[in-house]
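Please keep the sequence and the coordinates in view while reading.

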Amino acid sequence: MTEYVNVRASQTLGQDDLVAFLRSRFPAATKRVGGRRIAEGTYCVETKVRSDSAEFEEIRDFIQAKRKEGLPSYFNFTIGHYLRKYSKKELCQAEILRLLINPHFEPCGEECGTIYETLCSECNWARQTSDLILDTRRVPQHNDISETIAWVEWVVSSKFVKVFVDSKLTGARFRPIFEFKNPLKVSTDWSQLWVTGNAGALADATRLGRDPFSPLEVSWRCPLEHSVSASFLSEVYLHRNAWNGSDISVTSALFGQGRNLLRPVPLIVISQRMYQAVERAELKGFSCEVAHLI
Ligand SMILES: [Zn+2]
């Protein structure tokens, strides 16, 4: 595994000094991002460096100095995250893997009429109490799995469902998705992935922090302890005895500071058996990281 840190800096967030520093000091590793959404003349850049490099240390020292000055534009935001690149062999040897869903789309279910019961006013944790209603024309069409901007709504293709059923995988069922334009009609192309497998809590070996530059603090924690807003500074570790052995499962721990349409979300964990099945079928829309049972 090769670990990188992806640093993101934006003039819109008041990080002009960091943008200038990255552009002048690491021109080859820095690229402009955001395209047309970013106002003309306003820079948002990303710089990718190895986490064990002198370059990373130099960037870390720069950001830590800004944070020591107490500048809100450096303190209030997560600046960067880890990227872990694996060889095929490493992924094929992992007992379990963390599944990360890549494509996002909107509007989310609640904007289309899906009903939620909010269970916590602090972190916005909620229970979905109706079937999912979505404008399925907005689902990323060339992907087999995607999620809405609500984070907790996972949409899978009929091909995904077939692979899951044919491979006799365990830990999920598939719920109907009703069409926003015609709420009596169930989509034939898309289903909601409803994970029932339980992966338990995270083991303490999992390192959480604000971002790679402030590893000892998390951004936010629900006062009622449902969820935590933090970056994963290490791979994910789970208790073997708490994992129920399903091919797909979710953690009891929730992540993210939900508000309005956003809900805190568990991590998705899959077995090597499921990894083999989705790879063989060349399903699209996700990436995997190695996770560990201890
Ligand atoms: Zn809460």
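Buried residues make up 35% of the 294 residues in the protein; a residue is buried if 20 or more other C-beta atoms, placed from the backbone, lie within 10 Å of its own, exposed if 12 or fewer do, and partly exposed in between. The model is predicted: local features need pLDDT of at least 70 and side-chain atom pairs count only at pLDDT 80 or more, whereas totals for chains, interfaces and linings use all residues. Residues are numbered from 1 along each chain as its sequence is written.

The radius of gyration, taken over C-alpha atoms, is 20 Å. Along the principal axes, the C-alpha atoms occupy a box of roughly 55 × 45 × 40 Å.

The protein contains 6 helices and 22 strands, which are DSSP runs (helices H or I, at least four residues; strands E, at least two) numbered from the N terminus.

Lys168, in the loop between helix 5 (158-166) and strand 12 (172-179), has a positive phi of about 55 degrees although it is not a glycine. Lys168 is exposed, with 9 other C-beta atoms within 10 Å. Glu282, located between helix 6 (272-280) and strand 22 (286-293), likewise is not a glycine and has a positive phi of about 55 degrees.

A cis peptide bond, with omega about 0 degrees, links Glu106 to Pro107.

Definitions and conventions: Rg over C-alpha atoms; globule rule 2.2 N^0.38 Å.
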